[in-house]
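Trainee: I have a structure to study. Can we go through it in questions?

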Amino acid sequence: MKYEKLLPELSMYEAARANVADRKVRTAVSFYGKKYTFDEIFRLIDCLADNLAQEFSLRKGDTVTLCAPNSPQALLAFYAANKLGIKVNLVHPYIPPEKLGESIERTGSKILFVYDLYKGDASAFSVPVLVSNCGYFMSFAAKIYYRLTNKRTMRGGIPFEKYLKDRRAPHKNAERFAMEEPAVYLASGGTTGEPKIIAHNNFVFNNLCSKAEEFLSEPLDQYTALYNVLPIFHGFGLCINMHMCMMMRATNIMCIKFNAKMSANQIIKQKANILTGVPTMFLKLLGEKTFTEGDLSNLKDVYVGGDSVPDSLVQDFNAALERGGSRAKMYIGYGLTETVTVCLVNTIRHNRPSSIGYPLSHTAVRIYRDGKELPAGEVGEIYLDTDQFMLGYLGDEYSPFAEIDGTKWLKTGDYGWLDADGFLYFKQRIKNMIKVSGVPVYPSEIEAAVLSVDGVKKACAVGMDDAVRGQVVKLFVEPKEGADEGALREKIAAACAEKLIAYAVPKKIVFREKLPVNLIGKIDRKQLEEE
């Protein structure tokens, strides 16, 4: 079955089974020294599905919650549930037990999949808890190291691995979902900034993966492996990293948690063709000699998103790729969880410096302000029309959509502008915009100016209450190692005075040895706003 023949009603399990790219790659997963073939992975998925249905009476239409990092057990649990016609609620592996319990209740989950390093107690949850041992799927040496350096923190629960045994009976048939049926729940801040659970059907994941030929630089048969560090509770990690590998038959090199040296070794040793990540991950790789002095000739594409991407990062990373013998370029993309993930991206065929992307097929972009569509070059809210829309927010009647001339448009809550050729440029998340004396100030512009200063590693601008102006700018800076803070402060002030309007110039500059980041490596802006 080819991409162009992909049926809309296929589940993600069925699409993965179909091998729509007609590839011959044998290894499906590589996990800390141990490899699993596609045949082995599908055998384990089918066994797990049979056992879950038998032992827990799971049926089509039920929901399960999956709380685990990138790992074979997360992949197995996801596809086994999908095969049974069961919705999967994906949550952050570091979510506090109280919030995890709330998510289980909100989604009506019947069981919880969790990993051995989760900090919680199985007795605290209202559903059966299956606990996986991450070391179980590693090579012998890696397993020993994992056990010596990690202490199980999840108390109680049922061993997940016992349900991977074959029941010696015919496997259950795969269930199908209707187009209006949710298959996946993903957490998001939503376009209003409030915590929401987003419901997606199978089609949007299969459909986006089928667009791989639009954004990859070379034909599909030239790709054999992707290095996967983005967690699967993230739309990009789930769709482009995990599911695309399954659909196009490429090896998923899984990483539980990013470590620059270890990751660099794996990227080079296992000849990864695709890297995906957030800016902080790539900054760390640039500081790792194993990567910058290694053989990068197998890399074909590098994609970055999820946070403001400085032009300097793109330039520096492209230079490192070239030195390492790679023809790859770093490409910036844009998307929201409401659209699964990326729906605009720079590619070898369509790219523009500083742009966040060009629309994929069946995606259109408009810019609106005060109810009026704006021409190219003017800044306003980004509206999207795409075939990747969510079904809606679970248990929430709020809709971020607007119907204009018979077309459904998503109001993204992001500010940006289009050029005459249709490339999109990002200004700011509306909720992060700072108003100084009523004048809109864009943190992304401040951060770009500061990151251009030699000696600055990271920067984050937030609003600070002010009795006269309402708000003023407070700037947090993580300096490069060895930088003199006094001299750096003067350089930052000079750069801001030169490149920014007066309202955007920071009134307070705070240096931190390390800026806080979340699990996927984005700067934790909310934490800094609260300081």
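Mentor: Val439 is partly exposed, with a relative accessible area of 23%. Buried means under 20%, exposed over 50%, and partly exposed in between (1.4 Å probe, protein chains only). This is a predicted model: local features need pLDDT of at least 70, side-chain atom pairs count only at pLDDT 80 or more, and totals for chains, interfaces and linings use all residues. Residues are numbered from 1 along each chain as its sequence is written, and side-chain values use heavy atoms, without hydrogens and water.

Trainee: Leaving aside neighbours within four places in sequence, which residues is Val439 in contact with?

Mentor: Contact means heavy atoms within 4.5 Å. Neighbours within four places in sequence are left aside. The partners of Val439 are then Ile434, Ile501 and Tyr503.

Trainee: Is Cys239 buried or exposed?

Mentor: Look at the relative accessibility of Cys239, which is 0%. Cys239 therefore counts as buried.

Trainee: How many disulfides does the count come to?

Mentor: A disulfide is a pair of cysteine sulfur atoms within 2.5 Å. The sulfur of Cys239 has its closest cysteine sulfur in Cys209, 3.8 Å away, so that is too far for a bond. Cys460 is in no disulfide either, as the nearest cysteine sulfur, in Cys496, is 13 Å away. The count comes to zero.

Trainee: At roughly what angle do the axes of helix H6 and helix H8 cross?

Mentor: Axes are lines fitted to C-alpha atoms, for helices over the stretch in contact, and angles run from 0 to 180 degrees between N-to-C directions. Helices are DSSP runs (H or I, at least four residues), numbered from the N terminus. The axes of H6 (residues 202–209) and H8 (residues 235–248) come within 9 Å. They cross at roughly 75°.

Methods: Helix = DSSP H or I, 4+ residues; strand = E, 2+ residues; numbered from the N terminus.
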